[in-house]
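Please look over the sequence and the fold below. Then read the short report.

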Amino acid sequence: MALTLDTYRLLGRSGLRVSPLALGTATFGTEWGWGAERDEARKLFDRYTEFGGNFFDTASTYTNGSSERLLGEFAHANRDKMVLATKYSTLRRPGDPNSGGTHRKSMLASVEASLRQLNTDYIDLLYVNVWDFRTPVEEILRGLDDLVRQGKVLYVGISSAPAWQVSRMQAIADLRGWSPLVALETEYSLIQRTTERDLIPMAREMGLGVVPYSPLGGGVLTGKYGREDQNPVGSVAGETAGNRKSLNAALGWVTDRNLAMADAVKDVASELGRTPAQVALAWVLNAPGVTAPILGARTLAQLEDNLGALQVDLTPSQLARLDEVSAIDLGNPHDVLAGDHLRAITTGGMTIETLG
């Protein structure tokens, strides 16, 4: 069934309405070596909002702050129509241990910086960006709740954290009457399906809308990579590599297995008269539990192509082929629980339906 950007979805256990595709703005600015200049970034913003898009993803440190500054400039005229999601916890000042992490000092300072850079009085959605394994969860949750009570943040979410910690946090928030987590930002694509083991089931059970990043596998699923891209020349470190191809190869994304998935995506795209990017995005867009994949377009042509995913209708057989080529082992205890033996000793062969 075809969708549009103004076919809004509720975000997790909230009443917040967001577009089914979010616009990622880590490409706003060229400080990392592969982004969009201001004028091109403005075109991306305008085209996305022209079709009813309202959900934007950024972070306090994306492109050294340019992402938030440009997004704030573009959104200012219609600020209340936009849902601006930003993140905290990545290091903002080298050498300052308190300028990063999930603790209260980092949280408050980062939010104040984001409010200035976004030129706004409030943040619609604030994510805990990277789990640091050091800060007590009560400190994080109480800090987030304080920001919501102050009106500086409306909703809170989390990214890049273990499923057991997220579920623990949600239970504590519920028991203490603190602001619940309503969104989980996580990597998810045909290339990266390990999220299906615990994170996505946890999110569905605990009321978090899933907002996948890298739905195109860093671009590998667009069909632009070949076997010759598996061995980059030289070393690449961090997010500031000279181009995305060398970065993705260095991160280990350009493998025989992933290239085989890209080939399967190209085959399905050819059958549908679509592009590989549209097919790969459509698969994520329609996955159970997913609210809004994040688009990472750098040019207007890429964005327009990505938006075409809303019109892709994958057949059951095409979905089965994509699922088969990208299948993962769920691991313990999931494989055991899904096995015939345990089903036999728990249900005795009876059929038991789950309704709702």
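Predicted model: local features only at pLDDT ≥ 70, side-chain atom pairs only at ≥ 80, totals over all residues.

Residues are numbered from 1 along each chain as its sequence is written, and side-chain values use heavy atoms, leaving out hydrogens and water.

The table lists the elements discussed. Helices (H or I, at least four residues) and strands (E, at least two) are DSSP runs, numbered from the N terminus.

| Element | Residues |
|---|---|
| Helix α8 | residues 256-272 |
| Helix α11 | residues 316-325 |
| Strand β5 | residues 83-88 |
| Strand β6 | residues 123-128 |

**Thr195.** Thr195 sits in the loop between β8 (181-187) and α6 (199-206). Thr195 is buried, at 4% relative accessible area. Buried means under 20% (1.4 Å probe, protein chains only). The Thr195 side chain reaches the backbone oxygen of Glu187 at 2.7 Å.

**Helices.** The α8 and α11 axes lie 9 Å apart, at an angle of about 170°. Axes are lines fitted to C-alpha atoms over the stretch in contact, and angles run from 0 to 180 degrees between N-to-C directions. The two helices are therefore roughly antiparallel, a term for angles over 145 degrees.

**Strands.** In β6, six of six residues are buried. β5 and β6 pair in the parallel sense over four bridges. Pairing takes at least two DSSP bridges. Tyr88 stands opposite Val128 in β6.

Technical notes
Buried < 20%, exposed > 50% of the residue type's maximum accessible area, 1.4 Å probe, protein only. Polar contact = N/O pair within 3.5 Å; in protein donor to acceptor, adjacent residues only side chain to side chain. Parallel < 35°, antiparallel > 145°, perpendicular 65-115°, else oblique.
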